Amino acid sequence: MELAPGLHRIGNDIVALHLVVTDDGITLIDAGLPGHWREFRQELASLGRDLADVRGVVLTHGDSDHIGFAERLRRDHGVPVYVHEADADRATGAKPPATPADPRRLGPVLGFAWYALRRGGLRARHLTEVVRVRGGDILDLPGSPHVVALPGHSPGSIAVYVPEVGALFVGDGLTTRSVLTGVSGPQPAPFTDDREQALRSLDALDGIEAAWVLPGHGAPWTGGVAELRRRVTDAAR
Ligand SMILES: [Zn+2]
């Protein structure tokens, strides 16, 4: 679905991925779950574009609910996949993520698991080749994505800022709906490696003006970066 001109979202509040659509081609931010492939193809078709228009995939981090069909795009269609160097191991399966904490509420977790299963979550293929990026990089891709290091959820978590479409993609640097509890609203993301570090990392978002803040899980946020940051910090107390 179109959020704004040049800004498209696939999936839902459980798992979302995004497209930046420009005259120079398309940048994909995260690749969701393997089963999002069909919705991705449908979205391209609705735009009158095809796979040849996809110039690159930028992963906000290396977890399996974000790498989805990235390897398929890379292997079968030659699309490069960008990930922070500190998450390259995770994206390529060399190092599994830390095991998640015990679920406190089973319902929402099962909802997430069920959705993930239906979208082929267990079939997520690790990348065999990635382009390593760092904080401060501006990528030579449609929309000129800016890489903002956001370590904490994972060592190589990033936010991706695309001024051209007024969007800040935050991956799991924070969330607006916990996949663990099902509670909506800005808050720290569950299954985070280092919660304190993740909160401190949000400093890096100060001063960024973005009409849209788009987490990997939860509804898009349109209330501004500063207000979002304030609410996440409050929720963390
Ligand atoms: Zn996630």
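Which residues of helix α3 (residues 70-77) are buried? Select Ala 70, Glu 71, Leu 73 and Arg 74: these are the buried residues of α3. Buried means that 20 or more other C-beta atoms lie within 10 Å of the residue's own; exposed means 12 or fewer, partly exposed lies in between, and C-beta atoms are placed from the backbone. Helices (H or I, at least four residues) and strands (E, at least two) are DSSP runs, numbered from the N terminus.

Before going on, note the ground rules. This is a predicted model: local features need pLDDT of at least 70, side-chain atom pairs count only at pLDDT 80 or more, and totals for chains, interfaces and linings use all residues. Residues are numbered from 1 along each chain as its sequence is written.

**Around α3**

Look down the axis of α3. Now select Asp 76 and His 77. These exposed residues sit on the face turned away from the buried side of α3. Next, show β5 (54-58), α2 (64-67) and β6 (81-84), which are among the elements covering the buried residues of α3.

Colour the strands β1 to β7. They form an open sheet of seven strands, in the order β1-β2-β3-β4-β5-β6-β7, with mixed pairing. The edge strands are β1 (2-4) and β7 (131-133), each pairing on one side only. Two strands count as paired if DSSP finds at least two bridges between them. Zoom in on β3 (residues 16-22) and β4 (residues 25-29): they pair in the antiparallel sense over five bridges. Leu 19 stands opposite Leu 28 in β4.

**The core**

Select Val 57, Leu 59, Ala 70, Val 81, Ala 159, Val 160 and Leu 168. Of the 65 residues in the largest nonpolar core, these touch the most other members. Such a core is a set of buried Ala, Val, Leu, Ile, Met, Phe, Trp, Tyr and Cys residues joined through C-beta atoms within 7 Å. Centre on Val 160. Leaving aside residues up to four places away in sequence, Val 160 touches Ile 29, Val 58, Thr 60, Pro 145, Val 147 and Phe 169.

**The whole chain**

Zoom out. The chain has seven helices and 13 strands. Its C-alpha trace spans about 45 × 40 × 30 Å along the principal axes. Buried residues make up 50% of the 237 residues.

Definitions and conventions. Two residues are in contact if their C-beta atoms, placed from the backbone, lie within 7 Å.
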